[in-house]
Amino acid sequence: MKKLLMTSALLLLSACTSVPDWDYDKSVEFSNYKTFAWAPDAQLKGSINDYQINELMEKRVRTAIAQNLSAQGITLVEGDKADMLVNYHASVESKIEADTLNTTYGVRWNYWGWGVQTHTTTREYDVGTLVIDVIDNASKQLVWRGAKEGRLRTKQTPEQREASINKTVAEILENFPPKTQY
């Protein structure tokens with residue numbers, strides 16, 4: 001069951017409201033990048049629980065990245081001809097959320113008095129992170145990284161999974177090439 005949850009988890013990243021995080025090398029002229037190829041080890045993998053993605057999700061992520069870059073005029077080519085290489089990976093981490101409710105009351109059955117009742121509820125949930133890296137093919141140096149994390153949802157149709165991946169990748173690549181200075 002845990003493997004099934006982990007396998008379907010990545011597609012659910014867009015269900016949450018987290019903001020993508022970007023970092024890049026300010027000395028790089030990103031307008032020079034016109035072509036890309038997949039980095040030799042481009043695959044969805046993570047360090048937590050040996051998270052591996054299934055082939056269906058792998059295809060969805062690659063398609064979403066390629067479509068987003070293509071819309072910017074960046075063409076997919078063979079590795080040795082590319083200006084930049086693209087790598088991506090995902091991870092899933094379990095987190096705990098706690099809510100505490102304090103109730104104050106003034107009357108009890110046989111007597112008057114004041115009191116406080118405290119009730120705490122905890123929930124465990126999974127957070128997935130998708131990271132997309134851009135590597136300069138000539139120098140083999142990382143020049144841009146975008147990531148988004150979010151609370152994961154389950155039980156989606158293939159269409160919902162595709163839409164989630166498309167939205168997440170678009171949000172990550174929203175600042176590629178970099179448009180804002182930190």
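**Paired strands and salt bridges**

Strand 2 and strand 3 (residues 75–76) pair in the parallel sense over 2 bridges; strands pair if DSSP finds at least two bridges between them, and strands themselves are DSSP runs (E, at least two residues) numbered from the N terminus. This is a predicted model, in which local features need pLDDT of at least 70, side-chain atom pairs count only at pLDDT 80 or more, and totals for chains, interfaces and linings use all residues. Residues are numbered from 1 along each chain as its sequence is written, and side-chain values use heavy atoms, leaving out hydrogens and water.

Let's begin with strand 2, which covers residues 35–38. T35 and A37 point one way, F36 and W38 point the other way, and all are buried (under 20% relative accessible area, with exposed over 50% and partly exposed in between, using a 1.4 Å probe and protein chains only).

Next come the salt bridges, each a side-chain nitrogen of Lys or Arg within 4 Å of a carboxyl oxygen of Asp or Glu. The whole structure holds 6 of them. In one, E97 joins R123, with the closest N and O atoms 3.0 Å apart. This pair links distant parts of the chain, strand 4 (residues 84–108) and strand 5 (residues 111–136), 26 residues apart.

E97 also forms a salt bridge with R151 at 3.3 Å, N to O. Because E97 lies in strand 4 and R151 in strand 6 (residues 141–151), the pair ties together parts 54 residues apart in sequence.

Finally, D133 meets R145 in a salt bridge, its closest N and O atoms 2.5 Å apart. D133 is buried at 6% relative accessibility, whereas R145 is partly exposed at 35%. Shared partners join E97, D99, R123 and R151 into one salt-bridge network.

How values were computed
Helix = DSSP H or I, 4+ residues; strand = E, 2+ residues; numbered from the N terminus.
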